[in-house]
Amino acid sequence: MTGSQHKKIIAAFTILFSFFMLTLIPACMAADYPSKNIVWIVASAPGGGFDTYARAISPYLTKYLPNNVNVIVKNVSGAGGLTGASQIFAAKPDGYTFGYLYYPGIAIIQMEKDIGFDPSKMVPIAQIAADAQGLFVPAKSDLKTLADLQKKDPVKILTQPKGVTMYSFNLIAENVFGLKAKYITGYKGSAVVATGLMRGDGDMGILPVSNFYNYVESGDLRILVTFTDKRESLTPDVPSATELGYPKATACKSWKILFGPPGLPADIANTLQEAFKNALDDPDLKAWGEKSNSSMEFIDGQTAWKQLQEVFKVYQQYR
Amino acid sequence: MTEAFLYALAKIFFWKNLIYIFAGTLIGLFFGALPGLSSVVSLSIFLPLTYGMDPLSAMFFYSGLMGANPFGGSISAILINTPGTAQNIATIFDGYPMTQKGEAGRALGISATASGLGAIFGILVLIIIMPLVRKIIMSFGPPEFFMLVLFGLCMVVVAARGNLVKGLFTGCLGLLLSFIGRSSLTGTLRFDFNTFYLWDGIVLIPFVIGILAIAELISLGTKQQTTIAYSAKDVATGYKGLWKGMKDVFQHKICLLRSACIGTLVGIIPGIGGAVANVVSYTVAFQSSSHPETFGKGDPEGVIAPEAANNAKDGGSMLPTLGFGIPGSAEMAVLLGAFILHGLTPGPVLIKEHLDIVWALILGMTFSGILASCLGILVSKYVIKISQINVSYIIPLVGAICLVGAFAYRDNVLDVLLAVIFGFIGFGMKTFGFPIIPLVMGHVLGQMAEVYFNQSLMISEIGYGIFFTRKISLGLFIGTVVVLLLPFFKKRFQKKAAK
């Protein structure tokens with residue numbers, strides 16, 4: 001072989017070898033997850049409950065994830081959480097994109113129409129909170145117990161419109177408790193419902209206990225029953241739904257569960273899950289939760305998803 | 001209550017907090033002036049940045065942002081006919097014509113002064129009303145909200161003088177547009193064409209950017225004049241115009257006071273939003289003026305009224321936001337999130353236990369409103385030159401900012417498409433003489449009117465009677481009728497006086 005032919009062969013070999021090394025890089029990256037910033041998609045506008053949880057927790061995720069990468073919260077609002085959900089669904093399953101799926105909200109919408117993708121294919125990562133709901137009445141009303149409410153005819157319920165989670169809570173309450181309900185819809189959110197109750201627009205509303213407990217403290221509202229198995233620590237005098245004999249009503253909760261795109265490898269999901277578990281155990285984050293009345297409780301993804309399936313049955317029943 | 005007020009007042013003068021207010025004001029002014037990047041967007045961007053700050057300082061920073069936004073939005077409203085947000089819509093009615101006449105300096109002077117004074121008067125009114133605030137919020141329910149919205153709708157058509165029929169037409173078109181999306185009442189999806197995008201309807205900010213800003217840019221591009229001002233030579237430069245504008249405000253004290261009161265009151269009432277305050281204030285000024293023909297052509301009162309109102313309303317809208325967790329506007333919704341992030345829960349307990357933070361915010365916003373006005377006056381001299389620059393530079397530059405703004409609102413490319421489409425629609429409307437403002441206001445108020453009307457009927461035990469048996473609702477209805485008929489009464493009064 002001549003010298004120049006020799007050189008050509010070496011050059012060809014070098015190029016081939018480089019290409020081979022390039023293909024190894026993704027494999028290296030996967031083995032070293034996380035190696036760049038992770039995006040946490042919040043499918044609602046900044047300032048809402050889901051958003052504030054994400055912003056409060058994300059620094060702690062950074063703390064407990066290997067390699068100290070940043071977890072960046074990205075707001076993708078629209079279509080009641082579906083725009084964000086579809087973005088998570090369509091993302092690459094490499095662990096660099098994950099986010100909330102709003103349950104039972106999405107399940108409720110799915111029962112009525114085809115949303116174009118199947119969220120149940122997504123990989124559950126962790127549940128960080130299950131917001132307990134309470135049945136609130138104006139403090140000045142003469143309804144003191146659930147039994148009083150069951151006798152009243154009609155019971156004016158203030159709520160967001162059909163298709164939104166709050167409406168389904170009220171449907172379940174109406175059917176499970178046997179209330180003679182008259183629905184007054186059009187209320188844009190729970191704060192508006194609370195004010196409506198205080199103003200005397202209606203008789204009852206279902207609201208998250210931790211966010212509206214301060215209205216009970218200030219003497220504006222009263223809670224008749226909490227939609228939980230056991231009594232809530234914030235409201236030890238208020239009976240729970242199960243205690244009064246209505247365990248099905250405990251389906252009325254708002255879950256904060258994180259999911260990854262379909263096909264997310266189990267080891268990456270586990271890494272994220274571990275990070276969430278440790279983050280929620282962190283004393284500083286717990287202190288924030290106490291101060292802002294934001295309850296947090298870690299449940300691993302698979303268990304949480306299984307629990308949800310049971311709950312969906314209740315929503316299917318009372319549509 | 002006074003201790004909390006004094007405590008907050010004292011806290012403002014700490015160096016750290018002054019810096020935060022100043023920083024917030026600068027950023028708020030800058031973002032407010034760029035169409036589409038105002039309040040909601042800027043608040044959302046800076047929300048996470050304050051995570052490490054202590055609550056009081058964070059609140060001072062936010063109040064800086066929010067207090068400077070109304071005036072920032074006015075700058076672009078006056079100079080390029082583009083309201084920064086819906087709360088600056090009414091400023092374009094007389095502010096932009098002033099710029100076209102070469103009086104941009106005067107308009108900015110009026111705006112700065114009226115904004116700053118509006119902020120101060122707003123807080124004075126607030127202090128006086130504070131003990132009654134809870135009662136006020138509790139007395140305003142769906143029937144009263146409906147009457148307010150009705151007032152707003154009637155005023156809109158009146159404000160679209162020139163062609164009543166065309167005004168009514170576009171107003172109704174606006175109403176129709178507002179019904180696209182998921183109904184707040186029944187939850188059904190209307191006119192969504194099976195897309196996620198239209199689920200939330202025609203979203204306000206990209207819509208306003210398109211139909212007001214982009215339409216105006218296209219219109220500028222097709223006109224013969226090469227600058228925004230009709231004649232670049234006649235533009236009053238330097239501080240002369242500004243000074244004249246400042247004097248204008250003091251010559252119309254009644255208008256100022258009245259507008260500040262309207263702004264504060266509308267701000268306190270939750271559920272209406274900031275967009276209404278400035279339009280209502282403008283229309284009341286228009287209706288009660290002795291020379292309404294000058295409105296729309298550059299009447300100083302036409303700038304004083306909305307400017308005072310939209311600054312005054314910010315102090316007022318804090319109260320339902322903090323006291324009941326009901327955001328008075330979209331900006332307040334983001335503020336609520338900021339509160340929770342810092343471990344504060346809005347609600348009656350906040351007002352009882354953290355009154356100092358409430359005052360810190362209100363005072364902070366007032367401060368920044370005044371500061372923004374002063375800063376605005378200083379830079380106005382340079383900013384006026386925009387009306388003298390050749391439009392072939394302005395159109396692409398402002399156009400680009402508008403498109404970025406439409407995207408930045410919620411990171412959705414389709415919003416940009418929406419803005420462009422409505423830009424062309426707006427241009428078409430201008431060309432054929434259809435007033436645009438009734439379309440915008442119809443869109444803002446349409447679904448509100450529908451929801452409140454139906455809610456009232458659902459609550460009512462006496463059908464339609466509910467609107468007329470509740471005192472405030474009845475009062476508002478009579479007020480609407482009176483304001484509508486005011487010009488007729490005035491003419492009769494003048495005829496009698498002439499005899």
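Two strands are taken to pair if DSSP finds at least two bridges between them, and helices (H or I, at least four residues) and strands (E, at least two) are themselves DSSP runs, numbered from the N terminus. The structure is a predicted model, in which local features need pLDDT of at least 70 and side-chain atom pairs count only at pLDDT 80 or more, while totals for chains, interfaces and linings use all residues. Residues are numbered from 1 along each chain as its sequence is written, and chains are lettered from A and ligands numbered from 1 in the order in which they are written.

In chain A, strand β1 (residues 38-42) pairs in the parallel sense with strand β2 (residues 71-75) over five bridges, and Val42(A) has Asn75(A) of β2(A) as its bridge partner. β1(A) also pairs in the parallel sense with strand β3 (residues 97-103) of chain A, over three bridges, with Trp40(A) standing opposite Phe98(A) of β3(A). A residue is called buried if 20 or more other C-beta atoms, placed from the backbone, lie within 10 Å of its own, exposed if 12 or fewer do, and partly exposed in between. Because four of the five residues of β1(A) are buried, this strand is largely enclosed by the rest of the structure.

The domain assignment of chain A, which is automatic or taken from a database, gives domain 1 (36-130 + 254-317) and domain 2 (132-251). The centres of these two domains, taken over C-alpha atoms, are separated by 26 Å. Their contact, where C-beta atoms placed from the backbone lie within 7 Å, takes 12 residues from domain 1 and 10 residues from domain 2 of chain A. On the side of domain 1 that touches domain 2, α4 (105-112) and α11 (301-317) of chain A each supply at least two residues, and α4(A) gives the most, with four residues.

The contact between the chains takes 41 residues from chain A and 40 residues from chain B. Among the elements of chain A that give two or more residues to the side touching chain B are α2 (49-64), β2 and α10 (283-291), although the largest share, five residues, comes from α7(A).

In chain B, helix α2 (residues 15-33) has 19 residues, which should span 27 Å at 1.5 Å a residue, and its end C-alpha atoms are 27 Å apart, in agreement; the expected span is 1.5 Å times one less than the number of residues. Buried residues of α2(B) include Asn17(B), Tyr20(B), Ile21(B), Gly24(B) and Thr25(B).

Definitions and conventions:
Contact = placed C-beta atoms within 7 Å.
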